Amino acid sequence: MPGGVGGRGARAPLLPDATMKWVPDAGRKIVFDRFHIMQHVGEAMDKVRRQEHKALMVKADDTLKGGKYLWLYSQENFPQKHQVRFEALKEANLKTGKAWAMKESLRGLWKYLSPGWANRFLKK
């Protein structure tokens with residue numbers, strides 16, 4: 001369920017206040033789907049990229065210039081023609097590279113069928 005920040009604890013941080021107020025035990029009933037969670041993660045990653053790019057450009061460093069769409073690919077779908085440049089970017093110790101790695105790691109969450117195993121994955 002997309003929406004604003006509800007501020008009702010760690011269990012359901014993105015639920016709107018009205019949902020938490022009017023739906024009994026809402027934090028346990030609403031499902032956060034893969035699409036919307038990964039959409040938020042992608043937006044957060046792009047925010048990191050934009051901030052880092054801006055900071056680098058102040059120093060006349062165009063390392064991230066023209067690379068916006070490279071970070072949108074998943075590891076297994078990456079086009080061969082961009083592989084060399086992307087590998088160099090990943091090894092450049094950029095915040096954007098770290099954010100991309102976290103996004104890719106989070107994609108592994110969806111293979112778990114048990115909430116217990118999913119929680120263990122998130123805690124590591």
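Leaving aside its neighbours within four places in sequence, which residues is Ser74 in contact with? They are Glu104 and Arg107, where contact means heavy atoms within 4.5 Å.

This is a predicted model, in which local features need pLDDT of at least 70 and side-chain atom pairs count only at pLDDT 80 or more, while totals for chains, interfaces and linings use all residues. Residues are numbered from 1 along each chain as its sequence is written, and side-chain values use heavy atoms, with hydrogens and water left out.

**Ser74**
- Ser74 lies in the loop between α3 and α4 (83-90).
- Ser74 counts as buried because its relative accessibility is 10%, buried being under 20% relative accessible area, exposed over 50% and partly exposed in between (1.4 Å probe, protein chains only).

**Helix α3**
- Helix α3 covers residues 34-58, and its 25 residues reach 36 Å from the first C-alpha to the last, close to the 36 Å expected at 1.5 Å a residue, a span defined as 1.5 Å times one less than the number of residues.
- Met38, Met45, Asp46, Arg49, Glu52 and Leu56 are the buried residues in α3, and their cover includes α5 (95-106).
- After α3 comes Ala60, which has a positive phi, near 60°.

**Whole protein**
- The protein has six helices and zero strands, these being DSSP runs numbered from the N terminus (helices H or I, at least four residues; strands E, at least two).
- Of the 124 residues in the protein, 27% are buried.
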